[in-house]
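Subject: Structure for your review

Dear colleague,

Please find below the structure that I am handing over to you. I would be grateful if you could look through it alongside the notes that follow it.

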Amino acid sequence: KAFSRIEEAEAFASKLRSNGHQVRIEAHEVKGRIWHRVRMGSFDNWADGLAAKQDFEQREKMIAYVVKQ
């Protein structure tokens, strides 16, 4: 998930951390605006990423995305 305000990203990340997830916040510029992306995980292959996505969605009841870096 991405937020335009760092405070919103930190609040979301804090909630996920309190649920046991290891997350990080990455800042990226898109069309002149800074977005703070809340990210988690790094996987050796696509299948592992998809399995983690499915587990996360079931536990947290929210949609997640797997992206290549």
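This is a predicted model: local features need pLDDT of at least 70, side-chain atom pairs count only at pLDDT 80 or more; totals for chains, interfaces and linings use all residues.

Eight bridges join β2 and β3 in the antiparallel sense. Within this pairing, Val23 has Met40 of β3 as its bridge partner.

Val23 also belongs to the largest nonpolar core, whose nine residues are Phe3, Ala9, Phe12, Ala13, Leu16, Val23, Val38, Phe56 and Ala64. Four of them come from α1, the largest share of this core. As a general point, nonpolar side chains in soluble globular proteins tend to be buried together. Beyond its neighbours within four places in sequence, Phe56 is in contact with Leu16, His21, Met40, Lys61, Met62 and Ala64.

The largest pocket has a volume of about 870 Å³. Its lining comprises 29 residues, and those nearest its centre are Arg39, Met40, Tyr65, Val66 and Val67. Two or more lining residues come from each of α1 (6-18), β3 (33-40) and α2 (46-60). The greatest contribution is that of α2, with seven residues. By class, the lining has 14 nonpolar, seven polar and eight charged residues.

Yours sincerely

Note on methods: Residues are numbered from 1 along each chain as its sequence is written. Side-chain values use heavy atoms; hydrogens and water are left out. On a 1 Å grid over the protein atoms alone, a cavity is a set of points where a 1.4 Å probe fits but cannot get out, and a pocket is an open set with protein on both sides within 12 Å along at least five of seven lines; lining residues have an atom within 4 Å of a point. Grid points are joined across faces, edges and corners, and a volume is the space filled by probe spheres set on the points. Helices (H or I, at least four residues) and strands (E, at least two) are DSSP runs, numbered from the N terminus. Ala, Val, Leu, Ile, Met, Phe, Trp, Tyr, Cys and Pro count as nonpolar, Asp, Glu, Lys and Arg as charged, and the others, Gly among them, as polar. A nonpolar core is a set of buried Ala, Val, Leu, Ile, Met, Phe, Trp, Tyr and Cys residues joined through side-chain atoms within 4.5 Å. Buried means under 20% relative accessible area, exposed over 50%, partly exposed in between (1.4 Å probe, protein chains only). Contact means heavy atoms within 4.5 Å. Two strands pair if DSSP finds at least two bridges between them.
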